[in-house]
Amino acid sequence: MFGLKHAINGLVELIKNERNARFHLVSTAVVIYVGWKVGFEPSEWLWISLAVAGVWVAELLNTSLERITDLVSPEQSELAKKAKDYAAGAVLVMAIWAIIVFLLVAVPRILMSLML
Ligand SMILES: Nc1ncnc2c1ncn2[C@@H]1O[C@H](COP(=O)(O)OP(=O)(O)OP(=O)(O)O)[C@@H](O)[C@H]1O
């Protein structure tokens, strides 16, 4: 279980050091609260949890790639810029998908529960 300790440490460090991660943490808590309040179905939880996990994974990999890039190329370089921009693009794609899932799955359920 030593790997688990390091993995949890990675998550804690991400939340401590990255502003984006703190935003993800608040968003994750809000989505879980809303889902619990309106009573998401298991299939809805599946989509929402996939989107939430996807954003966390993308942010973890992006931050890891940023650190590796800084290690390999501490000075300004065109390649370092490309490497970081690609990784940031991956987070953006995942975040857009998570918003689409939220709009398609959560918003109709929230509106339904407000009308009842
Ligand atoms: N060594 C570098 N050479 C050229 N451009 C860089 C370099 N480092 C960063 N950049 C540019 O600046 C952008 C922001 O990089 P930075 O490492 O500050 O990431 P960040 O998104 O601000 O994340 P963090 O706040 O975690 O460091 C990169 O996407 C890239 O375009």
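A residue counts as buried if 20 or more other C-beta atoms lie within 10 Å of its own, exposed if 12 or fewer, and partly exposed in between. Keep that rule at hand for the single-residue stops. The model on screen is predicted.

**Stop 1: the whole chain**

Show everything as a cartoon. The protein has 4 helices and 0 strands. Its pattern along the sequence reads α-α-α-α. The radius of gyration is 17 Å, well over the 13 Å that the globule rule gives for 116 residues, so the protein is more spread out than a compact globule. Turn the model to follow its principal axes. The C-alpha trace spans about 60 × 35 × 20 Å along them. Of the 116 residues, 11% count as buried. Among contacts with a separation of 6 or more, 71% come from residues 24 or more positions apart.

**Stop 2: confidence**

Color by pLDDT. The mean for the protein is 96, and 100% of its residues reach 70 or more. Where is confidence lowest, and where is it highest? Helix H1, residues 2–17, is lowest with a mean of 94, while H3 is highest at 98. The model's scores are ipTM 0.90 and pTM 0.92.

**Stop 3: the annotated spans**

Start with 21–39. This span is 95% helix and 0% strand, and its end C-alpha atoms lie 26 Å apart. Move on to 86–111. Here the span is 100% helix and 0% strand, with 36 Å between the end C-alpha atoms.

**Stop 4: the ligand**

The residues around it are Glu18, Thr63, Glu66, Ser73, Gln76, Ser77, Ala80, Lys81, Lys84, Asp85 and Ala88. Which elements give two or more residues to this shell? They are helix H3 (42–72) and helix H4 (78–115). H4 gives the most, with 5 residues. Now color the shell by class. It has 2 nonpolar, 4 polar and 5 charged residues.

**Stop 5: His24**

Select His24, in helix H2 (residues 19–38). Is His24 buried or exposed? His24 has 21 C-beta neighbours inside 10 Å, so it counts as buried. Leave aside the neighbours within four places in sequence. His24 is then in contact with Val55, Trp56 and Glu59. Draw a distance from His24 to Glu59. The two are 35 residues apart in sequence, and their C-alpha atoms are 9.1 Å apart in space.

**Stop 6: Ile110**

Go to Ile110, in helix H4. Ile110 counts as partly exposed because it has 14 C-beta neighbours inside 10 Å. That count falls between the cut-offs of 12 and 20. Not counting residues up to four places away in sequence, Ile110 touches Val34 and Val38. Ile110 and Lys37 are 73 residues apart in sequence, yet 9.1 Å apart from C-alpha to C-alpha.

**Stop 7: Leu111**

Step to Leu111, which also lies in helix H4. How many C-beta neighbours does Leu111 have inside 10 Å? Leu111 has 11, so it counts as exposed.

Notes:
Residues numbered from 1 in each chain as written. Predicted model: local features only at pLDDT ≥ 70, side-chain atom pairs only at ≥ 80, totals over all residues. Near = placed C-beta within 6 Å. Nonpolar A, V, L, I, M, F, W, Y, C, P; charged D, E, K, R; others polar. Rg over C-alpha atoms; globule rule 2.2 N^0.38 Å. Contact = placed C-beta atoms within 7 Å. pLDDT = per-residue confidence, 0-100.
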